[in-house]
Amino acid sequence: MKTDNFVILAALFLVLMGAAIGFAWDATRDTTRAAALYLDQCASCHGSALEGQSGWRQAVFDSRSAAPPLNGTGHASLHSDDMLLRTMMRKAWPGVGHTGPDLGAKYPDGEFEDLLAWIKTHWPKRELSYQQNLTEWAEERTGPR
Ligand code: HEC
């Protein structure tokens, strides 16, 4: 009986360690890849510190002229995950694309999800929780798309 307990505990320990290592490894890999993708494809317009281009506030009615910040000080947190991902992949809806490069077909969807998660690591808590609520609300209304 005692040996059985030990075997169960040892197995549990190994599973937990594996999960912890796997999680840490995954987080590092995704973050590095997302940061590299951002520098390659987005920083030229949205800024290397995600600060956006000067004059983006004046460009609200002509948003194509200046890229807004993605660091939580702009209006990205006023859009759901679905909307942000569609913008990044240029799948917003016909005629309303994204001034950025057409990357939707170049990278798998998962890479955009990692990129959005990395972008959000730059947001303050308030923007994060607001946008999370908005995303949940949008998903409840329309279902995952
Ligand atoms: C050539 C310049 C340019 C590049 C490169 C670019 N963007 Fe943009 N981006 C813009 C402009 C301008 C807008 C504002 C209006 C629009 O075009 O949708 C924008 C809007 C956005 C928005 C919506 C933000 C909001 O506040 O509504 C997101 C998210 C975004 N870009 C992410 C990205 C990501 C991620 C990349 C890299 C994969 C990227 N952009 C590359 C110019 C660019």
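**Exercise 1.** Which residues does Ser77 touch, not counting residues up to four places away in sequence?

*Solution.* Before we start: this is a predicted model, where local features need pLDDT of at least 70, side-chain atom pairs count only at pLDDT 80 or more, and totals for chains, interfaces and linings use all residues. Residues are numbered from 1 along each chain as its sequence is written, and side-chain values use heavy atoms, with hydrogens and water left out.

Step 1: find Ser77 in the loop between α2 and α3. (Helices are DSSP runs of H or I, at least four residues, numbered from the N terminus.)

Step 2: look for contacts, meaning heavy atoms within 4.5 Å. You get Trp123, Glu127, Tyr130, Gln131 and Leu134.

Step 3: check the accessible area. Ser77 has a relative value of 7%, so it counts as buried (under 20% relative accessible area, 1.4 Å probe, protein chains only).

**Exercise 2.** Which residues of α3 are buried, and how are they arranged?

*Solution.* Step 1: pick out Leu84, Leu85 and Met88.

Step 1: look down the axis of α3. These buried residues fall within an arc of 95 degrees (taken from the directions from the helix axis to the C-beta atoms), so they line one face of the helix.

Notes
Helix = DSSP H or I, 4+ residues; strand = E, 2+ residues; numbered from the N terminus. Buried < 20%, exposed > 50% of the residue type's maximum accessible area, 1.4 Å probe, protein only.
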